[in-house]
Amino acid sequence: MADSPEIILFQCQWCLYAPEDQDWVDHQLPQNVSLIKVPCTGRIDPLLVLNAVQGGAQGIMICGCIPENCHFKAGNLSARRQLDEFAAFLDFTGFDRQRVRFTWLNLQDRGRIQHDLSMFIEDVQALPEDDHLHTRIPAPLGGSDD
Ligand code: FES
């Protein structure tokens, strides 16, 4: 397994209460983690997850508010239900469902994002490398000459 698996972190913009935690996510994420902020986890279309996997992501972490704190009533509950089903579909295709993880954060969960993310990265590193859904080739930098 690669030393630093590519991880995509979807983060609800409301779920981190401590400015230090948000600052860490905004400026100090490990280099192998890419951040996608969303207004609510309920806005994460499964196609975004598929796009990340096709782009080479080895793990997807979704970080949102606890159910009673979602700013959009039950966005997080519907996201979890929908993305759990999508993870099951990905698992059916051979992309281990352990590569998709939810974490819900509450007011007192200061510093937990760092812990949960590092645990997730460790768990993904322990899985055998899986690139079979990595189908998208990145565009060359600087454009082409023709
Ligand atoms: Fe945070 Fe819905 S507003 S998960």
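1. A helix here is a DSSP run of H or I, at least four residues long, numbered from the N terminus. By that count, α2 spans residues 46-54. Just after α2, Gly56 has a positive phi of about 110°. Note that this is a predicted model.

2. Next, the buried side of α2. Val49, Ala52 and Val53 are the residues to look at: each is buried in this helix. They lie on the same side of α2, because the arc they cover around the axis is only 100°. The cover over these buried residues includes strands β1 and β3. It also includes α3 (75-93) and β4 (100-105).

3. Ile60 sits in strand β3, residues 59-65. Is Ile60 buried or exposed? The cut-off for buried is 20 or more other C-beta atoms within 10 Å. Ile60 has 27 within that distance, so Ile60 counts as buried.

4. What does Ile60 touch, leaving aside residues up to four places away in sequence? Val49 and Ala52 are among its contacts, and both are buried residues of α2. Ile8, Arg99 and Val100 are also touched by Ile60. Phe120 is 60 residues from Ile60 along the chain, yet their C-alpha atoms are 9.1 Å apart.

5. Now the strand pairing. β1 (residues 7-12) and β2 (residues 33-38) run parallel, joined by six bridges. Between β1 and β2 the chain passes through helix α1, residues 19-27. This β-α-β crossover is right-handed.

How values were computed
Residues are numbered from 1 along each chain as its sequence is written. This is a predicted model: local features need pLDDT of at least 70, side-chain atom pairs count only at pLDDT 80 or more; totals for chains, interfaces and linings use all residues. Two strands pair if DSSP finds at least two bridges between them. Helices (H or I, at least four residues) and strands (E, at least two) are DSSP runs, numbered from the N terminus. A crossover is right-handed if, with the strands pointing away from the viewer, the path from the first strand over the helix to the second runs clockwise. A residue is buried if 20 or more other C-beta atoms lie within 10 Å of its own, exposed if 12 or fewer, and partly exposed in between; C-beta atoms are placed from the backbone. Two residues are in contact if their C-beta atoms, placed from the backbone, lie within 7 Å. The arc is that of the directions from the helix axis to the C-beta atoms.
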